[in-house]
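Biologist: Could you show me how to read ring contacts and helix packing, one feature at a time?

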Amino acid sequence: MTDLSALVEPHRVHRSIYVEPDIFAKEMEKIFGGTWVYLAHESQVAEPNDFLTVRLGHRPVILTRDADGQLHGLLNRCAHRAATVCNEECGSAKNFQCSYHGWTYSNRGDLVNVPFADGYPVDFDKSDYGLSQLPSIGTYRGLIFGTLNPDPSSLLDWLGPAAPLIDEFVDRSPTGRIELRNRQRMIYRGNWKLAWDNAGDGMHPTFAHRSFVLHNENQHGGERSLSQFKSNPDDTGMYGEDLGNGHMFVDQRPGLTGSFWETQRPVPGHEWYADRIESEYGDSSADVLEMAPGSMVNLSIFPNLLIKGNHLETIDPISVDETRLCTWVATAEGAPDEVNVMRMRIAEDFPSLGNPDDLELFERCQEGLGVSEVEWVDMSKGLGHPSEQVSAEGVRRGPVTHEGPMRGYIRAWLELMEADTKRVVVDSESVKREVAG
Amino acid sequence: MTAEPPSVVDDGLYERLAQFASTRRADAGPSDPSLRAEAELVLYHEARLLDDRHYRTWLDRFTDDCIYWIPLDLEGDPRQQVSFFLDDRRRMGDRIGLLETGWMHAQNPPSRTCRVVSNVEAWPLENGDTLVRCTVVTWEYRRDQLTPFVSRNDYELAAMGDEWRIRKKIVGLVDSVGDVRKFAFIL
């Protein structure tokens with residue numbers, strides 16, 4: 001393995017972290033195996049015996065809630081001959097029976113039945129053959145995280161200054177809870193970190209989303225969605241933050257010239273639903289309408305959760321040059337139905353009109369990264385600039401076009417990649433097995 | 001810049017779409033041969049307009065109260081679920097307007113497409129419109145990749161004088177819930 005520290009300099013990173021399969025394999029161990037990874041939202045496994053199939057990096061996981069309400073992250077891999085035992089995306093089940101030879105597991109992961117039990121060695125003990133599971137599961141404000149690290153820092157410590165920003169996101173709902181609806185999956189031909197770079201990048205919208213900015217100005221006039229990026233975004237007060245531990249924050253709110261609703265470009269149902277809310281809620285209708293558009297912030301929880309608009313998006317690495325993005329729209333619990341209907345149409349707006357350009361650019365980057373003779377990727381904007389400030393909590397803030405958030409996550413990436421983190425799977429209540437490598 | 005009519009989307013329209021989605025798989029019986037022959041001409045013309053990227057002319061083939069919907073959940077209620085998109089005429093105009101800026105990188109270079117329209121069936125509806133169901137394979141070539149988009153499409157066609165207009169176009173991708181490649185052309 002290459003000396004990883006040689007691949008990260010203060011102002012640039014080496015191309016190999018985007019293109020080398022060995023480094024990708026190490027990331028699956030050290031990053032997606034070594035620290036808290038977002039798995040799902042509680043509304044997706046709300047009731048006892050609910051389950052949801054998710055991924056921990058490349059590993060298929062069944063996230064279950066047992067009859068007592070306890071969450072389990074079961075590796076979806078039969079202890080017998082390795083077949084996945086759960087092949088549905090979500091549902092309710094007390095047991096999972098492997099279709100291959102009928103081994104049956106409880107939703108706590110215990111092996112409860114082996115058919116035709118005669119013939120196994122005399123010391124064959126079912127309690128040694130549970131579905132292996134994650135040693136650590138944690139939740140914060142409905143977000144469920146898991147890791148193979150048996151001794152991770154507390155989830156709250158890991159989130160650090162990102163935690164109150166998660167609060168702000170979910171507290172846009174009257175009840176302080178969100179509920180996830182159906183999801184969309186998109187694939188791009190590029191490394192997973194290209195999506196991560198982009199999430200902390202407040203310079204790209206002016207250029208990457210030029211069609212969206214230009215069209216809105218021409219067609220709908222005024223200061224509408226993304227108009228804050230039509231000229232130098234740093235003149236607007238928008239900022240980006242390196243929150244530590246790889247988490248990043250981009251705040252577009254200072255760039256808005258009106259409320260979220262006033263600056264939302266029109267979407268299907270705009271007039272009818274706005275009229276209905278105005279006639280029903282009178283003086284408070286402006287506050288009600290304000291819940292419909294996206295949050296105008298990009299909060300990225302390393303290594304795989306992007307909170308943006310009204311979406312939770314996960315980055316699932318498939319291989320060094322292929323990545324899946326899963327996007328769930330969040331509804332505001334306790335908000336009028338009209339608000340959540342509007343959220344559906346708003347949630348389709350930029351993703352279908354603007355995101356294809358992001359994916360296009362990720363693919364162009366991956367193609368360019370194939371040039372082995374040009375080795376470095378620059379992230380120097382704002383480094384050492386006088387406008388960069390560090391708060392008492394260690395949050396580093398800079399103007400929105402600066403690349404501080406990217407430099408911050410790459411430092412966290414390197415730290416995790418070099419750490420001597422143990423990975424453990426729990427085979428049964430008594431057997432916790434450390435994994436080599 | 002072309003002004004498009006304001007949104008026609010309201011709760012009544014959603015109700016009809018939800019009803020439409022929930023009965024998508026109901027057997028409508030054998031189709032009407034003469035309606036089918038007329039519908040085929042409309043669909044082939046639409047496919048040709050899109051393959052040749054005559055997007056404004058394509059939009060003119062729709063009624064003012066039209067809906068162009070690509071759902072994720074083919075049988076779900078669009079009030080409860082997010083779609084790839086559910087467009088009224090105004091947002092269809094936006095989709096074309098973005099392409100016309102010349103700055104939509106995901107269409108630079110533009111996709112070359114070839115649509116194969118098949119299994120066309122048509123039935124009369126109570127309101128005088130015509131329900132059409134068909135299967136479509138849209139092949140997209142772009143940047144060295146040939147990608148198929150496979151769908152079962154539903155249309156509602158309105159007779160306006162001696163012309164047909166499209167009142168609804170619903171594209172049911174067979175892999176809508178799977179890993180979909182990005183598409184920035186009009187499907």
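Biologist: Is B:F85 buried or exposed?

Modeller: Buried means under 20% relative accessible area, exposed over 50%, and partly exposed in between, using a 1.4 Å probe and protein chains only. B:F85 comes out at 4%, so this residue is buried. B:Y68 has 1% relative accessibility and therefore counts as buried too. Mind that this is a predicted model, where local features need pLDDT of at least 70, side-chain atom pairs need pLDDT 80 or more, and totals for chains, interfaces and linings use all residues. Side-chain values use heavy atoms, without hydrogens or water, residues are numbered from 1 along each chain as written, and chains are lettered from A and ligands numbered from 1 in written order.

Biologist: How many aromatic pairs are there over all chains?

Modeller: Rings of Phe, Tyr and Trp (its six-membered ring) pair if their centres lie within 6.5 Å; planes under 30 degrees apart are stacked, over 60 edge-to-face, and the rest tilted. Searching the whole structure gives 24 pairs. One of them joins B:Y68 and B:F85, edge-to-face at 5.2 Å centre to centre with 65° between the planes. That pair links distant parts of the chain, 17 residues apart: B:Y68 sits in strand β1 (residues 62-70) of chain B and B:F85 in strand β2 (residues 85-87) of chain B. Strands here are DSSP runs (E, at least two residues), helices are H or I runs of at least four, and both are numbered from the N terminus.

Biologist: Which residues form one aromatic cluster?

Modeller: A:F32, A:W192, A:W196, A:F302 and A:Y409 do.

Biologist: Now helices. At what angle do the axes of α8 and α10 of chain A cross?

Modeller: Axes are lines fitted to C-alpha atoms, for helices over the stretch in contact, and angles run from 0 to 180 degrees between N-to-C directions. Under 35 degrees is roughly parallel, over 145 roughly antiparallel, 65 to 115 roughly perpendicular, and the rest oblique. Helix α8 (residues 270-281) and helix α10 (residues 337-347), both of chain A, have axes that come within 10 Å and cross at roughly 160°. α8(A) and α10(A) are therefore roughly antiparallel.

Biologist: Which residues of α8(A) and α10(A) meet?

Modeller: Contact means heavy atoms within 4.5 Å. From α8(A) come A:H270, A:Y273, A:R276, A:I277 and A:E280, and they meet A:E338, A:V339, A:V341 and A:M342 of α10(A).

Biologist: And how do α5 and α12 of chain A pack?

Modeller: Helix α5 (residues 192-199) and helix α12 (residues 355-369) of chain A pack at about 125°, axes 10 Å apart. α5(A) and α12(A) are therefore oblique to each other.
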